[in-house]
Amino acid sequence: MGNIRNTERLSYDKQQTYKIMVTAFDCGQKRAKEDVAVHIDVKPVCKPGWQGWNKRVDYEPGTGSKQLFPKMHLETCGGPLSGVRAMVELQTNHIGKGCDRETYSEKSLQKLCGAASGSTDLLPAPSPSTNWTVSLLTDSGRDSDLIYRFDGRQAANVPDHVVPQNLTDQFTIATWMKHGPSPGLRAEKETLLCNSDKTEMNRHHYSLYVHNCRLVFLLRRDFTQVDTFRPAEFHWKLEQICDKEWHYYVINVEFPAVTLFVDGVTYEPYLVTDDWPIHASKIDTQLTVGACWQGGEVATPRFTQYFHGSLSGLTIRPGRIETQKVISCLQACKEGLDINSLESLAKDIKFHFNPAQSVLVVEGEDVDSINTAMTKVSYINSRQFPTAGLRRLHITTTVQCFGEDTCLSIPDIKAVVMVLPPSEPRITITGSNRLVRPAGDLRGPLGVAPFKELHITSTVMKGDSFGGFHRPGVMEVMHNLDYCDILVIGEELNPERESLEIHHSALLGKHLDATNSTSGISIYGVDSMAHYEQALRQVRYRNWRPATLSERRFRLTCSELNGRYTSNEFILEVSVLHHSAPVEHVNHMAAQPQYMRPVHHPLMIHTFNSHASGAAPPAATVVIVVCIAALVVIVVIGVYRIHATHQEGSREDEDEVKDPEADWDNSALTITVNPMENIRG
């Protein structure tokens, strides 16, 4: 009898079995006849935790819901358990405004979600018509998601013609905001939006600002609207205001009640203070974004109470409050966690999501049931063109044993979902690049339709594998557009003699709207390419003084996802077909060409004897008569053809202008040479 001892710690990961040969010796050192083989199996040390999962999961855009852990199971080392709770968290804070959302313009999103019309975008993209945001800092490198960053030194005055003049007792203010704690013990007010006196005094009529991580909305009514002590300041204290994350804020005003929505959840103010109304005056007001305008009571008018943080989609809508359904749509994430085949889950499994579907909690009493449920946890992204990049996954697990709170420690899991780049669409606009119309058509009540033959298509490059080879190919795809702009090239339209417009009926039944000016027309709204085609084909151009017009040129471009994907620039030229003086048309049969030599009569004078010179032979006479008749017929036909061509040129249809020479060039007219030409004396 003996013992075998190891001198080093055995490891299952390094070697699972050992074979040792044992030789026995007696006291006289006599060796045994046979050696004995001893087999030692090294058992793995049981480590509780999740097994069978991958650290990276690739997600192909457009594939719907994809399982994250199809082979994952929980190792508990055989201990009896009374319950398991697993929490799966999808971390998307670094994507867009907190997650992958649609990046359409604010106007297009509101149209898509069914919001009431009439809202004013106070932070639009800079353009010649919206130039008050040009000086602001932008952070728009995330798939055309327009974000303005305020560092305490920038602000913008909104032009008077943009500001709603009468907010009424019902209105809505909405914005995306990312904000952190303010520096210093006594933080200053940080103004998002402020309507104050432009000169002389320093009264704030309404404003939205942050102060010590509290959101405050100020509304001072005029004496003409109310003449008693009424609610004026509404305060909310929420963690979201200073957590440095994106949140969607909506303030619905139904004076005297004011309700705040943050990410679709309702919050009532914890404090409401009253104040007297403002005395009426003739002082103009100034609406400001990113600070408050102090135009009076100071030596030099200036901005004050600057905002520190980021804003996007700041809008104000007078006369209406926003519904819960529209608010939820405007801030909805397009990516999140999901569970496939809910009906196949065990009855003891309980699960619930947070509103954004970024957190999933699964609870159960049986380990096998938990394992089955976890294999069905999936990631889904419903955007056709999602934002590519990493999404982090974090799983925390707690296990309960009978009679104990916790009995096993399960390590956390950290994995990533890699959303692969989508195939970028190539949007192409095709059609006739030139339109020539008579002056009467341009003067008509409907004018002309310059884009009547327009077509919009989109293609992507797709690769397929065949026989081990990768072959790229072009495939046509269908997707939405969010705007098409028709811009005038050269001088702007002169309203006294021309117009470019689209009738409201052309937009009925579509998620489209339009604005026009002397610079052109913008059709916007999230809708199909087919609906955009139909609308663009009904754009009309009129000119009631076409004599002054030589040509008009227009440039058309279309966009998907607020400029993330743009079409080619389609240039169209409209010109007038002026009636000119008649041009003398040359009859190529009457004026004989150089390759037809003139015929002199009598033709046969040198071919016959002198005694026959007084009369032509009968056969020759017949030939001469036939040739002369043929020549006359040819001349008549030529004159008739030219006349018919003139008549057709004056009867152009609305879709095309025919070349006056086209019928002549394509004519089957045959030129017959005089057969007697080759006869010589």
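This is a predicted model: local features need pLDDT of at least 70, side-chain atom pairs count only at pLDDT 80 or more; totals for chains, interfaces and linings use all residues.
Strands here are DSSP runs of at least two residues, numbered from the N terminus. In the second largest pocket, S7 gives the largest share of the lining, three residues.

That pocket holds about 760 Å³ of space. Its lining runs to 32 residues, and Arg 101, Asp 263, Asn 354, Ala 356 and Ser 358 are the ones nearest the centre. Besides strand S7 (83–91), the elements that hand over two or more residues are strand S17 (246–254), strand S19 (265–267) and strand S25 (335–339). Sorted by class, the lining comes out as 11 nonpolar, 13 polar and eight charged residues.

Then there is the largest pocket, with a volume of about 1400 Å³. Here 43 residues make up the lining, and Pro 124, Ala 125, Ser 127, Ser 129 and Thr 130 sit nearest the centre. One helix turns up among the contributors of at least two residues, namely H1 (106–112). The strands that do likewise are S8 (120–121), S24 (308–318), S36 (480–489), S38 (513–517) and S39 (520–528).

In general, strands of a sheet pair through backbone hydrogen bonds, in either a parallel or an antiparallel way.

Helix H3 (residues 367–375) is mostly covered, with seven of its nine residues buried. Those buried are Val 367, Ser 369, Ile 370, Asn 371, Ala 373, Met 374 and Thr 375. As a reminder, an α-helix has 3.6 residues a turn, so residues three or four places apart point the same way. The start of H3 also shows a contact from side chain to backbone: a side-chain oxygen of Asp 366 comes to within 3.2 Å of the backbone nitrogen of Asp 368.

Conventions. Residues are numbered from 1 along each chain as its sequence is written. Side-chain values use heavy atoms; hydrogens and water are left out. On a 1 Å grid over the protein atoms alone, a cavity is a set of points where a 1.4 Å probe fits but cannot get out, and a pocket is an open set with protein on both sides within 12 Å along at least five of seven lines; lining residues have an atom within 4 Å of a point. Grid points are joined across faces, edges and corners, and a volume is the space filled by probe spheres set on the points. Helices (H or I, at least four residues) and strands (E, at least two) are DSSP runs, numbered from the N terminus. Ala, Val, Leu, Ile, Met, Phe, Trp, Tyr, Cys and Pro count as nonpolar, Asp, Glu, Lys and Arg as charged, and the others, Gly among them, as polar. Buried means under 20% relative accessible area, exposed over 50%, partly exposed in between (1.4 Å probe, protein chains only). A polar contact is a pair of N or O atoms within 3.5 Å; within protein, one must be able to donate a hydrogen and the other to accept it, and residues adjacent in sequence count only if both atoms are side-chain atoms.
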